[in-house]
Amino acid sequence: MLYGKRDRAFLRDFPMFLPDAPAQTELIAKTPSQSRTSILYKFSSDYILREQYRNPWNEIRMGKLLEDLDALAGTISFKHCSNADSTTRPLLLVTASVDKMVLKKPIHVDTDLKIVGAVRWVGRSSMEIRLEVIQSSRRLCNLVADQLSNFSLETSHPSDSLALIANFTFVARDSKTGKSALINQISPETEQEKLLWEEAEERNKMRKKKRGEPKKEIEGGEVDRLKELLAEGRIFCDMPALADRDSILIKDTCLQNSLICQPQQRNTHGRIFGGFLMRRAFELAFATAYAFAGSAPCFLEVDHVDFLKPVDVGNFLRFKSCVLYTELDNPVQPLINVEVEAHVTRPELRSSEVSNKFYFTFTVRSEAMKNGMKIRNVVPATEEEARRVIERMDAESS
């Protein structure tokens with residue numbers, strides 16, 4: 001039985017708590033090995049499991065895997081913060097952000113897969129969980145399958161086994177007051193653990209620095225970039241018969257869908273899983289890239305994600321996506337950059353606010369390009385769209 005769902009793991013691994021129990025006051029230092037957890041997907045032998053993760057092109061459902069990564073990170077965070085004291089109430093642990101994830105190699109749905117994770121860094125009330133997605137190549141499958149269970153984050157993997165690295169940041173709140181709560185500290189033991197702690201500490205400093213920086217205004221030379229981006233869009237709007245047929249407006253690439261957040265998608269404290277939001281955003285982004293390219297896209301990366309506002313059970317959630325821009329310098333591997341915004345809509349209050357923004361990068365299969373497929377250039381029609389494009393291009397290059 002695959003266990004990745006955070007509530008089940010929490011209920012299984014930790015004692016039950018009373019809602020009126022006192023807050024946890026005694027903190028301890030834990031090693032990364034004490035929170036280390038892994039999941040093994042026996043795709044090669046478990047047909048039912050394999051079918052749950054297979055997409056129509058006989059590949060892995062990447063959105064479902066992203067959801068599992070968040071669930072496992074949540075289980076690990078609970079494990080690190082718990083003192084196994086049933087007399088105190090649990091902390092409210094929520095996904096605050098996810099670092100950029102880049103797919104290092106294709107993930108197959110018929111080869112065993114393993115996810116290994118542990119807490120790597122701890123601040124005052126936040127922690128970073130590092131996850132590794134490991135899958136041997138098909139030619140090594142039989143040789144390595146029996147050894148997968150022995151992999152840890154400290155072992156050296158075969159060069160073709162590490163498919164994805166994900167760093168999740170979780171924050172702790174007191175489940176009764178909602179205020180930030182202190183958490184157990186981390187005590188790295190090995191040189192590798194100390195190195196990973198230092199890298200995570202540097203990332204945390206960079207995040208704080210970026211939060212403190214004022215929003216960059218477009219000025220000077222940036223004005224020329226803005227005008228250049230808008231030039232073709234103006235032609236589409238004012239003289240559509242003369243517009244470049246190899247280009248398309250951003251607004252003509254848009255898709256959206258809506259849903260009501262259900263109780264089955266909540267964590268132990270009633271909030272919607274960040275992983276659920278990532279999965280739904282990915283699936284819409286995939287569909288957007290598919291409709292745009294005319295061929296099933298290949299996922300390459302998801303950029304840094306900040307979970308800006310919590311999403312609750314019963315919220316009316318709207319996902320809006322578009323192809324923000326394309327990169328066509330490499331004719332063999334054109335890049336399709338898709339933006340997805342998640343809006344929490346409250347009809348009773350006549351309000352709507354953005355809870356998350358996601359940025360995914362896709363390409364298309366080389367066979368499709370060899371058969372004459374052509375990816376169109378995407379252009380903004382408004383200054384607001386042009387600013388979004390420049391902001392994303394600069395973020396990608398920084």
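The exercises below walk through a predicted model of one protein chain, each with a worked solution.

Residues are numbered from 1 along each chain as its sequence is written, and side-chain values use heavy atoms, with hydrogens and water left out. Because the model is predicted, local features need pLDDT of at least 70 and side-chain atom pairs count only at pLDDT 80 or more, while totals for chains, interfaces and linings use all residues.

**Exercise 1. The chain as a whole**

Find how many helices and strands the chain has, and what share of its residues is buried.

Solution. Begin with the secondary structure, where helices (H or I, at least four residues) and strands (E, at least two) are DSSP runs numbered from the N terminus. The chain has 10 helices and 16 strands. Turn next to burial, for which buried means under 20% relative accessible area, exposed over 50%, and partly exposed in between, with a 1.4 Å probe and protein chains only. Of the 398 residues in the chain, 50% are buried. Finally, consider contacts, that is, heavy atoms within 4.5 Å: among those between residues at least 6 apart in sequence, 79% join residues at least 24 apart.

**Exercise 2. Glutamate 301 and the second largest cavity**

Work out where glutamate 301 lies, whether glutamate 301 is buried or exposed, and which residues line the second largest cavity.

Solution. First, locate glutamate 301 in strand β11, which covers residues 297–302. Second, check its accessibility: glutamate 301 counts as buried because its relative accessibility is 14%. Third, look at its partners; beyond its neighbours within four places in sequence, glutamate 301 is in contact with Lys100, Met101, Val102, Tyr359, Phe360, Thr361 and Glu396. With lysine 100 there is a polar contact from side chain to side chain at 3.4 Å, the term standing for a pair of N or O atoms within 3.5 Å, of which, within protein, one must be able to donate a hydrogen and the other to accept it, while residues adjacent in sequence count only if both atoms are side-chain atoms.

Fourth, move to the cavity. On a 1 Å grid over the protein atoms alone, a cavity is a set of points where a 1.4 Å probe fits but cannot get out, a pocket is an open set with protein on both sides within 12 Å along at least five of seven lines, and lining residues have an atom within 4 Å of a point. A search of the whole structure finds 2 cavities of 30 Å³ or more, and the second largest cavity has a volume of about 70 Å³. Its lining includes Glu301, Tyr359, Phe360, Thr361 and Glu396, together with Asp303, Leu324, Tyr325, Asn337, Val338, Glu339 and Arg392. At least two lining residues come from each of β13, β14, β15 and α10 (383–397).

**Exercise 3. The second largest pocket**

Determine which element gives the most to the lining of the second largest pocket.

Solution. Start with the size: the second largest pocket has a volume of about 550 Å³. Its lining is made of 27 residues, with Glu59, Ile60, Pro297, Cys298 and Phe299 nearest its centre. Then compare the elements: α4 (62–81), α8 (274–293) and β11 each supply at least two lining residues, and β11 gives the most, with 4 residues.

Notes. Grid points are joined across faces, edges and corners, and a volume is the space filled by probe spheres set on the points.
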